[in-house]
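Hi,

Here is the structure I promised to pass on to you. Have a look at it first, and then read on for what turned up.

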Amino acid sequence: MSPAVILGILVVVPIVVLLVLRVNAVLVFLSLCLGNVLVQFVAPDTSSFMGLFSSHGVNVASASHNSIKLGLLLLPVVLTTIFMIRTVKGHARLLLNVLPAVGVGLLGALLIVPLMSAGLQHNIVATNLWQQAERAQVLIVGSSALICLLVLWMQRPKSGGEGKHGKHHK
């Protein structure tokens, strides 16, 4: 499979899954950010801890290091996706969910590719498409974060004052 196709799959699949399952993409984006924090702060200790129990020593620990990181990155995303199925109600909210879903796909690809096996990672990183994505990294992360915040703020519950002036008020 070509590296461009793999990269396309990494971006498109999360978008389609989030929209078809009607999952709040803002929460998945935040879960992806949490997964990245786990990769940065938990993975180093987890890998050394796993190395203690390995009969093959450091080689297995270093070989599985990226697998551990990938698991820590994606676990919050997968769990949030499962728990938040069908939480986006209505066509307007689903339409509003498209941009954060695109942010999840793009950020996910940027975070997953460096954790892939060396050969696959090398093939993807060598493409012009990946180099363009890396150059646009600041724009992708910044605009996705801003869009997610705006959508999150727009989902704020309405104030309780609406019910006080309804038809049941005497």
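A word on terms before the pockets: a pocket here is an open set of points on a 1 Å grid, with protein on both sides within 12 Å along at least five of seven lines. Its volume is the space filled by probe spheres set on the points. Please also keep in mind that this is a predicted model.

With that in place, the second largest pocket holds about 160 Å³ of space. Its lining is made up of Leu32, Cys33, Asn36, Leu107, Leu110, Leu111, Pro114, Trp130, Glu134, Gln137 and Val141. Two or more of these residues come from each of α2, α6, α8 (128–135) and α9 (137–154). By class, the lining splits into eight nonpolar residues, two polar and one charged.

The largest pocket has a volume of about 260 Å³. It is lined by 15 residues, and Val13, Pro14, Leu74, Val77 and Val104 are the closest to its centre. Here the elements that give two or more residues are α1 (3–20), α2 (25–41), α4 (58–83) and α6 (98–112). The largest share, six residues, is from α1. In this lining, 13 residues are nonpolar and two are polar, with no charged residue.

Next, the core. The largest nonpolar core has 34 residues, and the ones with the most contacts inside it are Leu7, Leu10, Leu18, Leu73, Val113, Met116 and Ile124. Two or more core residues come from each of α1, α2, α4, α6, α8 and α9, and α6 gives the most, with seven. In soluble globular proteins, nonpolar side chains tend to be buried together.

Is Asn97 buried or exposed? Its relative accessible area is 2%, which is under the 20% cut-off, so Asn97 counts as buried. A polar atom of the Asn97 side chain lies 2.7 Å from the backbone oxygen of Val23. Apart from neighbours within four places in sequence, Asn97 is in contact with Leu18, Leu19, Val23, Asn24, Ala25, Val26 and Val88.

Conventions. Residues are numbered from 1 along each chain as its sequence is written. This is a predicted model: local features need pLDDT of at least 70, side-chain atom pairs count only at pLDDT 80 or more; totals for chains, interfaces and linings use all residues. Side-chain values use heavy atoms; hydrogens and water are left out. On a 1 Å grid over the protein atoms alone, a cavity is a set of points where a 1.4 Å probe fits but cannot get out, and a pocket is an open set with protein on both sides within 12 Å along at least five of seven lines; lining residues have an atom within 4 Å of a point. Helices (H or I, at least four residues) and strands (E, at least two) are DSSP runs, numbered from the N terminus. Ala, Val, Leu, Ile, Met, Phe, Trp, Tyr, Cys and Pro count as nonpolar, Asp, Glu, Lys and Arg as charged, and the others, Gly among them, as polar. Buried means under 20% relative accessible area, exposed over 50%, partly exposed in between (1.4 Å probe, protein chains only). A polar contact is a pair of N or O atoms within 3.5 Å; within protein, one must be able to donate a hydrogen and the other to accept it, and residues adjacent in sequence count only if both atoms are side-chain atoms. Contact means heavy atoms within 4.5 Å. A nonpolar core is a set of buried Ala, Val, Leu, Ile, Met, Phe, Trp, Tyr and Cys residues joined through side-chain atoms within 4.5 Å.
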